[in-house]
Each structure stands twice: as structure tokens, then as C-alpha cells.
Amino acid sequence: MCFLAFLSEVSGQHVPGKVTIQGKVVATSSQPLAGGMLILSKADSSIVSYASTDEKGEYILELEADTSHYLLTANNLGYISQSRWVTAQSQTQQFQLETEPTQLRQVTVKGDLLPIRVNEDTTSFSVQKFADGTERVVEDILKKLPGVRVDDNGGISFKGKPIDKILLEGDEFFAKNYKMLSKNLSANMLDKVEAIENTASTPLLKGIERSDKTVLNLKLREDRRKTLFGTVDLAAGVTRRYEGRANLFSLVDRLKLGIIGSANNTGRNPVPELRYDLSNDLSDASDGPDQHASPPLLRAQPIAVPGIPAERFNQNRVWLGAANMNLTLTSKLKLKAFTYQLGDRQTQRISNQYEYLLEGNSLIVRDTQRLEIRPSLRVSQVTLEYNPSETSLLKWQGNLQQQQDASFYQIASHTPDFSERLQQQMSTRQRGIQQQLGFIHRFPRNRALTLDAYYQHQNRPQQLTVASGRFASLFPAAKGDVTQQIINEVQTYGVQSRWMGALPGKQRYALLATGSYVSEGLASKLRSEAGSLADSSYRNNLSYEKWQGSLEANTAIPLGRIDLYAGASLNWVQIQEKSLCLRGKFVFLNPTLGVTYRINQDNKLRAYYRRNQTQPNAVDLSKGYVLTTYRSFQRGYAGLNRPQSDGFTLSYSNSDWLRQFSLHTEITYLSEKSPYVSQVGVNDQFTFMGQLPSPFRNDGYELASDLSKYLSALEVNSTLQLNAGWNSYQSALNSALISKGAIRSLSGKLTLRTAFDGMVNFEAGYEDHWSDIRESGLSLGYNRLRKPIAGIKVTPSKSWYLITTSEWTDLKNTTSHNQFYFLDALIRFTPAGKRVMYELSAKNLLGSPTATYSQLSNFLISQSTYQLVPRYILARVDFSF
Amino acid sequence: MNFKRFVRLDFFICFILLTTHSNAQSQLGVVNYLQLEKQPSDPNYKGHGVLRFSKTNSVYTEKSVLADKEGSETSAETNETRVYSKSSTSNVDYTYTNFAAQQILSNERILSKYFFVKDTLSKPNWKMVPGKRKIGTYECLKAVTTFRSRTYTAWFTPAIPVSAGPWKLWGLPGLILEATSSDEVVRFLFQSIQLTPNGPPLQAPKEHKKPVTLAQFVTFRKEKFNRLKKAGTATGSFSTNGVTTWNTFSVENFPNE
């Protein structure tokens with residue numbers, strides 16, 4: 001018996017039976033650790049026995065062993081846990097634990113009441129914790145989430161990074177035109193908002209594709225997910241104002257449908273970006289090819305006044321209709337389609353005063369402008385996705401867009417010595433189609449191959465007609481109107497292939513090969529009543545072709561708390577332009593290096609370097625001038641300019657979600673050079689616009705914090721935002737310094753809101769912006785905006801809600817001082833148990849007196865006035881069935 | 001002379017502080033629970049439970065969420081008006097457990113009268129069952145035990161290696177964040193936790209009354225309810241369908257007869 005037992009001991013075979021494991025747990029100072037926990041578990045993590053240590057730090061564990069090995073773990077609060085595998089036999093195990101290097105912070109974790117939950121790359125916000133009932137659309141809620149910023153145009157960014165798209169319950173709606181959802185979908189449908197960082201473009205590439213894209217996923221309330229649901233808003237007001245908004249959604253089963261309609265003449269813009277560049281929306285099977293499509297030369301620019309939203313002075317008449325459908329035809333085939341159409345008519349009236357500083361004298365020119373813009377846009381896209389197997393995806397996408405912009409300017413200007421009238425009519429059309437075919441296959445061991453082919457065709461006829469006596473000096477032969485006509489047509493063919501993989505140690509690598517062919521024609525000429533203007537400076541006739549290929553390799557390596565990224569791309573370009581007899585072949589290398597250091601869960605430091613060399617497009621090759629507005633011309637390089645930019649970025653971010661605090665700081669150094677530049681002189685009638693090499697330094701500091709945790713005793717919620725910027729620029733031409741200056745800016749915004757349980761609550765806020773421009777040691781002026789806000793919110797019962805806000809905006813700069821006062825009020829009545837909500841709202845109740853505002857623009861200072869109109873909204877209906 | 005006296009006093013105070021501090025463990029965290037009970041007279045009873053714990057002891061206090069409510073409330077559905085007035089007594093139900101000394105002190109109630117009960121701590125016999133769940137940000141494991149005639153399922157987190165739990169549930173290799181009885185009569189639901197390293201000392205409550213053992217308390221309780229029944233008094237009773245009964249419900253599940 002003894003011999004057998006001895007044999008089994010020696011051979012390593014352990015006879016199952018009662019086992020006792022005992023020992024002592026001490027600290028590194030040999031001090032016994034009482035109240036610690038010893039846990040014995042099996043390989044499948046199931047706990048078989050546990051015990052706690054007594055005052056001497058000793059413990060005893062007893063178990064009926066049924067396996068040969070167990071994992072013994074020693075835990076103690078404030079110390080680093082230790083685990084070790086032990087055999088199933090009675091023994092003594094001693095532990096010496098080290099103290100935790102970081103102090104256990106005073107931290108509060110809530111159960112399901114946590115307003116923000118962070119899980120690796122996903123940050124989830126509980127909407128009801130941030131909403132206060134005044135929100136109407138999704139954008140209004142997003143503005144209140146910490147870490148999320150919405151700019152004046154509706155562009156959304158999270159932790160400083162612009163988002164790629166918004167998903168609705170995981171489904172894509174309207175591709176990358178997320179403003180369609182954020183500006184039109186009702187806020188009361190939301191339950192949670194998830195911000196997902198580093199999302200792969202498709203689930204097949206998850207874990208393989210290195211991506212720094214961020215998407216927002218909107219999760220709807222339970223009752224909204226099951227049926228057809230939507231809202232209808234109808235409003236009518238004095239001075240024939242109307243506002244209507246309707247949306248209908250169904251996210252049931254295989255068909256996910258969304259329809260949005262909107263119309264108003266109250267100044268609100270349902271989708272700010274009326275430009276639809278094909279290059280901006282290559283939503284594709286894999287991470288799409290990089291496009292360099294040139295923007296149209298002519299653009300009508302609506303007036304922008306700092307500190308005052310465009311809604312307050314824009315007179316418009318806009319309508320929008322959009323529909324999106326995602327249909328799962330079979331388990332392998334999916335169809336996605338969307339279309340939207342938009343039409344608008346915007347009018348702005350401004351009067352300007354220009355002060356020209358010429359050799360100690362000042363010349364004042366006054367003019368009044370009337371600007372009318374009529375944009376119209378039509379976009380349709382169809383996508384077919386086929387999954388032949390679980391690891392493959394085949395995708396075809398077709399896209400068609402048509403855009404039209406007509407604008408009309410009328411200007412009457414006078415100086416003490418003369419007066420003149422000028423009229424400008426601009427029309428641009430853009431028609432484009434795009435087709436794309438993509439294939440992805442995921443191989444075992446985390447590798448993937450993607451193949452893409454695309455074709456794009458854009459046609460952009462543009463025309464600008466100017467009638468003015470000013471051209472007499474430039475074009476003596478012209479009588480009456482001068483018309484600039486531009487025809488621009490681009491065809492692009494391209495292919496791309498990627499081979500990507502992720503290694504077991506989480507290193508990622510990718511190899512890319514691309515090829516493309518671009519053929520672009522640009523023709524522009526000036527005509528007048530007298531005939532075509534002969535001066536060849538104003539005529540361009542370009543027809544160029546570009547062949548391009550590249551090979552790129554990159555890798556991302558995680559090393560504990562440090563993430564390294566390195567990449568390089570070898571590019572080959574061949575360009576040929578017939579009319580200028582230009583030919584060129586270039587080869588260049590663009591390296592990229594990045595390091596991210598995660599100091600801890602909340603703090604991240606990042607350094608990034610990138611060199612980018614590109615090749616010019618047609619507009620850069622143009623030899624002569626292109627008239628772009630009644631005052632300005634644009635001149636191209638007339639040569640093969642290859643700008644090279646070196647960018648270095650250092651950023652630090654801290655996001656303590658439990659305290660709802662986020663900080664993002666970034667310093668960027670960007671240097672841009674090109675071998676050849678041509679320059680045009682400035683005279684007093686035209687503004688020079690051209691590209692010059694300009695290395696500049698930019699410091700931007702952004703700090704956002706929610707102080708509510710600290711003021712919770714007073715039940716006051718407050719938000720503080722601070723921005724500081726320093727932008728210095730320097731431009732040189734052939735080593736001769738042209739200009740050197742700096743723009744400094746500082747702004748802050750503080751909002752305090754009370755949150756008493758009672759009937760009345762108050763809001764007070766203050767916003768201050770200051771910026772100044774200094775050039776060559778001279779101050780070109782400063783701008784200062786101050787804006788105190790005060791508001792009262794009264795909720796006499798659950799059904800009634802009244803809020804009134806008053807805003808005073810003070811705009812001051814070197815030469816002028818303007819003040820505006822606005823009073824807005826909103827009364828909302830929600831009858832209990834009914835689906836209807838009634839709202840009476842008024843904006844700009846006290847029309848501001850005719851005011852002037854100043855804008856600093858190079859060497860010109862202008863002042864503008866405009867009218868403000870009050871409006872009222874009547875009723876709003878919610879429904880679901 | 002004065003200076004010497006001052007120094008002696010100062011030293012004495014320091015000594016007191018040091019000794020009291022060394023006897024009492026410092027609090028490491030506070031957990032808030034929602035204690036739900038299906039009482040015969042109040043099936044929707046909601047209590048707010050607070051557990052303060054250290055490595056070797058814990059204090060659990062519980063108070064009804066209505067305890068501090070004042071005023072009257074009319075329910076539209078049942079057309080019933082309830083009047084609330086703030087409780088005049090500052091007594092709350094509490095349980096103090098000392099794992100190291102194997103001691104339990106609790107404030108047990110018979111109707112509105114409180115008794116100070118002192119007893120030896122008995123460790124519930126826990127059985128590990130498969131199951132994993134995330135509560136808050138903590139990964140929790142599952143265990144089951146039968147305690148005071150009820151079967152409880154508890155979710156505990158080894159990330160916080162203390163034996164504490166709500167009420168008298170303790171003895172797992174991690175903090176118990178949630179526990180429910182199989183008959184759904186008693187539920188302790190996790191609401192929030194605040195970790196407070198080097199918090200204030202966690203001390204045993206002062207013995208204002210003469211302590212009784214648990215067995216003695218159970219006997220008192222049975223006798224009291226029998227006397228009430230015999231006397232037919234309405235004190236502490238409620239009526240359902242014409243039948244008068246007393247709220248003899250207790251989480252302890254004491255025998256009533």
C-alpha cells in the first residue's frame with residue numbers, strides 16, 4: 001500500500017480525495033494580511049473552495065479533489081492579486097503580495113443608473129440622463145452629451161474626431177449624410193446613444209482592419225422599435241410663416257424604412273450642406289480609394305455673422321424629401337437604397353461699408369447687396385450586398401446626383417465721388433454618376449483580402465455673368481455684361497486591392513495596391529456683348545490625363561500601453577496635358593509614423609507624423625484667370641506644382657467619464673512647400689486668391705467639463721467650455737518673405753442651470769470670444785463677442801412647460817461696435833394621455849434695431865445690416881401605431 | 001505648567017485616536033441596495049439599504065423609501081388617499097457583522113418596538129453554481145444558499161474580495177451585489193457602489209439596551225403576537241376582507257406561532 005502510494009506520488013498521478021491547502025499571506029514588508037480572500041478554482045473558472053485569512057494572515061482550504069490541478073488565487077484589497085497552479089494534494093502555499101501602484105481612487109459606480117458606460121471602444125450614453133425636455137431633434141440631444149461636439153453646420157465630432165456616420169439600431173441610413181438623421185429625426189425616440197471608436201467599415205473586417213473611424217449608433221426606445229412610428233410637426237405663424245416636419249420609420253423584420261420630409265420658411269436649414277461632392281461619399285465595401293476630385297470653381301457663399309445663428313436672419317423657403325430603405329431579400333442578399341431631394345430659396349439683404357486704407361488716406365465705399373441663392377439637389381443611391389458565404393461579401397453600388405445652384409447678386413455702391421451698379425448672376429450645375437464593385441473575403445487566422453473597382457463621371461458646367469462699369473479698365477472692349485463660362489468634365493477609373501491581417505499578439509498589417517486613371521477637361525472663357533474677349537489670360541482650354549499607381553504597407557503594433565503605427569506608400573504619377581504641352585512623371589514616398597501612449601484608462605498621449613506629396617489637378621494647371629465673383633479672380637499655377645506637406649501632431653486627451661470631464665489638446669505643425677508658384681498683384685478692386693506655400697503653427701486647446709458633481713449640493717448643473725487658439729503663419733515666395741503674422745483667439749462659455757424639483761428653474765450663461773490678427777508687427781484689428789444669456793423655465797404641472805430666454809450679443813472690433821438683443825419664448829402643452837403636443841413659440845420677439853456688424857477680411861473692412869423677423873409655431877402631433 | 005498639561009492632553013487624545021482607530025477597521029466602501037419585499041400587507045414594499053464594509057466587518061442599514069415622506073397622495077386609479085408623516089423615531093433596521101470575531105449585532109423589531117440582538121455569526125452554506133453576469137462594471141459569479149428557510153441566489157464579485165453582503169448574507173469570496181430569494185419575496189438589488197479607500201472607521205453600534213440572544217428574541221416575538229390575537233386589539237393590525245391580521249412579515253422569516 002505504502003509502496004503503491006509512493007509510486008503514484010513519484011509518477012505524478014494524484015489519487016482524488018480530501019485535500020487541505022494552507023498557508024499564510026503577507027505583504028512585501030512581511031506584515032500579515034488579514035481579511036484577504038483565497039479562492040481555489042478549476043480550469044473552467046468554477047470556484048471549488050474559498051477561505052479568508054485571519055489576523056495572522058493564515059488560511060486553510062479544504063476540498064474533495066476530483067481533478068489533478070487547481071488554480072489558487074490570493075486577493076486582498078489594495079494589493080495586486082496573485083494566482084498559481086497547484087496540484088491536488090495537501091500542501092502549504094505562502095503568498096507575498098505587492099501593494100497596488102495606483103491608489104484606489106474614490107470612485108462611484110452606479111448600476112443601471114450610470115449615465116455613461118464605457119466598454120472598450122464603445123461609450124454608451126443614457127439619453128434621459130442628459131435631456132431636459134426642450135430637445136426636438138437628435139442634434140439637440142447630441143449637443144448635451146459630454147465629449148460630443150456639434151459645430152454651427154451640424155458637423156458632429158466625438159473626442160475631437162469627426163464621426164463617419166450615424167447608424168440607427170445598427171443600420172445605415174442615408175450613408176454618410178448623417179445630418180439627414182441628426183437634424184430631422186425626433187429626439188423623443190432615443191433611448192441610448194453609442195459612440196463606437198475604431199470601427200471597421202464592415203463586420204467582416206472586425207479585428208483586422210486598423211481604423212480610426214468613429215460612428216454613432218442611435219438606440220431607440222423599446223416601444224419605438226416594434227411598430228411603425230413617426231412624428232408630424234405642423235406650424236403656422238404670422239407674416240405667412242410655416243414650418244412642417246414629418247418622419248416615418250419602420251424597423252421591423254426584413255424591411256427597414258425611413259422617410260423624412262421637411263419644409264419651412266422660418267430660416268431653419270434641414271441639411272446645411274447642399275454641396276454633394278461624389279468624392280465625399282464613397283461608402284463602399286472596404287475602406288474606399290482616396291479621391292482628389294476638385295471642387296467647383298464657382299460657389300455662392302451665404303453670409304455668416306459670428307455669434308448669431310443664420311436662422312435669425314435667413315429668409316428662406318426650403319423643402320426636403322428623403323427616403324431610405326434597407327431590405328433583406330434573402331439570408332444572403334440585401335438591398336439598400338436611398339434618395340433625397342432638396343430645393344431652397346434664400347434671400348439676404350446687407351448693406352456694406354468698405355474702408356480702404358491707402359497711403360494715410362482712407363476711402364470709404366458704401367454699398368447695399370441683395371443676395372438670392374436657389375440651390376436644388378437630387379441624389380439617389382442603390383447598393384446590393386451579397387454574402388455567398390459567412391466569410392465573403394460582394395457589393396455593388398450605383399450613385400446618381402444632380403445639383404443646381406443659381407444665385408443672383410445686386411450691388412449698388414457709392415463713394416463721395418461716384419456711384420455705380422453691379423449685377424452678378426451665377427449658375428452652377430453638377431451631374432455625376434458613380435459605380436463601384438467591391439469584394440471582401442476573410443481567411444482563417446484573421447486575414448482578409450479586398451478588391452474594389454470604381455468608375456466616376458462628373459459634369460460641371462458653370463457660368464458667371466457680371467454687369468458692371470468696373471470692368472472698363474480691365475476689358476476696354478467690353479460693353480455691358482461680361483460672362484465667364486466654365487465647362488468641367490471628369491472621368492475616373494480606378495482599382496484597389498488590400499491584403500490585411502492581425503497576428504495573435506494583436507499586431508496588424510496591411511498591404512495596399514491601387515491604380516487609377518483620370519481624364520479631365522476644363523474649358524473657360526470670357527465673353528461680352530462685343531464678342532469673345534481676346535485676352536488669352538482669361539481663356540483656358542485644358543485636357544489632361546493622369547495615371548496613378550501606389551503601393552502601401554503599414555503596420556500597427558501594440559506593446560503594452562504603447563501602440564506603434566508605421567506606414568509608407570510609394571506613389572507613381574504620370575500626367576499629360578495637351579494644350580500646355582506639359583508632361584511629367586513623378587515618384588514619391590509618403591511615410592507615416594504614430595505613437596499612442598495610454599497612460600491609464602483615462603489619459604492618452606499621441607504623437608503623429610505624416611508626409612504627404614500630391615500632384616495637381618486641372619484647376620491647378622490652369623494658365624489664366626478664372627473670374628469667381630464680381631470682385632475676385634483665381635489664378636492657377638500654370639505648371640506642375642507638387643505641394644509637399646509635412647505634418648506633425650502631438651495630442652493629449654483625458655476623459656474621465658465617471659466625472660463627465662474631457663480634455664483634448666493638440667499641437668500641429670504643418671509645412672507646405674512647392675517648387676514653383678506664380679503670383680498676381682493686388683489692386684484696389686480685386687482680391688487676390690491663390691495658393692502659396694505657408695508653413696504655420698497651430699495650437700488649439702479645448703477643455704470641456706461638467707461641474708455638476710461638485711455643485712450637486714446646490715442642485716445646479718453647469719457646463720464650462722474653454723477654447724484657446726494660436727495660429728501663426730508665414731508665407732514665402734522663392735525664399736523671399738511675403739507675409740508673417742499670427743491669429744490669436746480665446747473663447748469661453750459658461751452655462752449654469754438650476755435643477756430644483758419645484759416649479760421654477762433658471763438658466764444663466766455667458767459667452768466670450770476674442771481674437772486678433774497681427775501681421776508684420778501691425779495689429780490688423782481685433783474681434784470681440786460677448787453674449788450673456790438668461791432664461792426662466794416654468795413647469796406648473798406635468799402638462800405645461802414655459803421657457804423664455806433672452807440673449808444679448810455684443811460684437812466689437814477695431815472700427816465698430818454693434819449690439820443685438822433677442823428674446824425667445826416657448827410654451828408647450830402636452831395633454832395627459834394624448835399623443836398631441838401643442839407649442840407656441842416666438843423667436844426674436846423684440847426686433848433688434850437696425851444694426852451693423854463688422855468683418856475683418858484681409859485689407860477690407862465691411863459692415864452689414866439685416867432685418868430680423870419674429871415667428872410663431874402652432875401645433876405638433878406625435879403618433880405611433 | 002500649562003504647556004505640560006496641554007502636551008499631556010494632546011498625547012492622551014492622540015492615544016485615544018490611535019487605539020480607537022486600531023480597533024475599528026476603516027471603511028472601504030458603501031453599497032446602495034434597493035430592498036424589495038412582498039409583504040402580505042404591502043406587496044410593493046421598497047426599502048433603501050446601505051451597506052458599509054471593511055475587510056473584516058460590515059454594517060447594513062435599511063429604511064423604507066417612504067419613511068421620510070410627508071403629505072398626502074391620492075391615487076387616481078384606486079381613488080385612495082394615503083397620508084404620510086415622517087417617522088418620529090430615528091430607529092432603523094441595522095445589522096452589524098464582524099467576520100473575524102464571528103459576531104452579529106442587529107436591531108430586530110416586533111411591530112414598532114426595537115430589540116438589540118447579539119448572536120454568534122453563522123456562515124451560510126454557499127454552493128457555487130455556473131453563471132456569469134455583469135452588474136455595474138463588475139463581473140459577477142453566482143452562488144446559492146438556504147438561510148432562514150429561504151433559498152437565496154446571490155451574485156458576488158471577486159474583484160472586491162470582502163465577505164460582506166446585504167442584510168445577513170455574507171461569506172462569499174467577494175462582495176455580494178445582488179441577492180434574491182427563490183420565492184421572490186425578498187430581493188436585494190444593486191443600485192450603486194462608492195469605493196472609499198481610507199474611509200471613516202467602521203465601529204460596532206453602541207449597546208444602549210440590554211442585548212438579547214436571537215433565540216430569546218424569537219420567543220418574545222411569538223409570545224407577543226399570541227397575546228395580541230387573544231386580546232383582539234387593533235394595535236399594529238390591518239384589515240383585509242374583514243379579517244384582522246398583524247404585519248408579522250420579517251425578512252428573517254421568524255416562526256409566528
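**A walk through a predicted complex**

Let's start with one pair of residues: Gly237(A) has Arg241(A) as its bridge partner in S20(A). Before going further, keep in mind that what you're looking at is a predicted model. Strand S19 of chain A covers residues 228–237 and strand S20 covers residues 241–250. The two run antiparallel, and ten bridges join them.

Strand S20(A) also pairs with strand S21 of chain A, residues 255–264. That pairing is antiparallel too, this time with eight bridges.

Next, find a three-stranded example. In chain A, S12, S13 and S14 make an open sheet in the order S12-S13-S14, and the pairing is antiparallel.

Time to zoom out. Chain A has six helices and 51 strands. Of its 881 residues, 27% are buried. Take the contacts in chain A with a separation of 6 or more: 62% of them link residues 24 or more positions apart.

Some loops in chain A are worth a stop as well. Ser30(A) lies in the loop between S1 (18–27) and S2 of chain A. Its phi is near 75 degrees, which is positive even though the residue isn't a glycine. Is Ser30(A) buried or exposed? Ser30(A) has 8 C-beta neighbours inside 10 Å, so it counts as exposed. Further along, Asn446(A) sits in the loop between S27 (419–443) and S28 (447–468) of chain A. Asn446(A) is another non-glycine with a positive phi, about 55 degrees. With 17 C-beta neighbours inside 10 Å, Asn446(A) counts as partly exposed.

So where do the two chains meet? Here, 23 residues of chain A are in contact with 24 residues of chain B. On the chain A side, strands S2 (37–41), S3 (47–52) and S9 (107–110) each supply at least two residues. The largest share, four residues, comes from S9(A). Sorted by class, the side of chain A that touches chain B has ten nonpolar, ten polar and three charged residues.

Finally, how confident is the predictor? For the complex, it gives an ipTM of 0.75 and a pTM of 0.60. Chain B has a mean pLDDT of 75, with 69% of its residues at 70 or more. Over residues 1–23 of chain B, the pLDDT is below 50, and this stretch has two contacts beyond near neighbours in sequence. Residues 85–89 of chain B also stay under 50, with four contacts beyond four places in sequence.

Conventions. Residues are numbered from 1 along each chain as its sequence is written. Chains are lettered from A and ligands numbered from 1 in the order in which they are written. This is a predicted model: local features need pLDDT of at least 70, side-chain atom pairs count only at pLDDT 80 or more; totals for chains, interfaces and linings use all residues. Two strands pair if DSSP finds at least two bridges between them. Two residues are in contact if their C-beta atoms, placed from the backbone, lie within 7 Å. Ala, Val, Leu, Ile, Met, Phe, Trp, Tyr, Cys and Pro count as nonpolar, Asp, Glu, Lys and Arg as charged, and the others, Gly among them, as polar. A residue is buried if 20 or more other C-beta atoms lie within 10 Å of its own, exposed if 12 or fewer, and partly exposed in between; C-beta atoms are placed from the backbone. pLDDT is the predictor's confidence in each residue, from 0 to 100.
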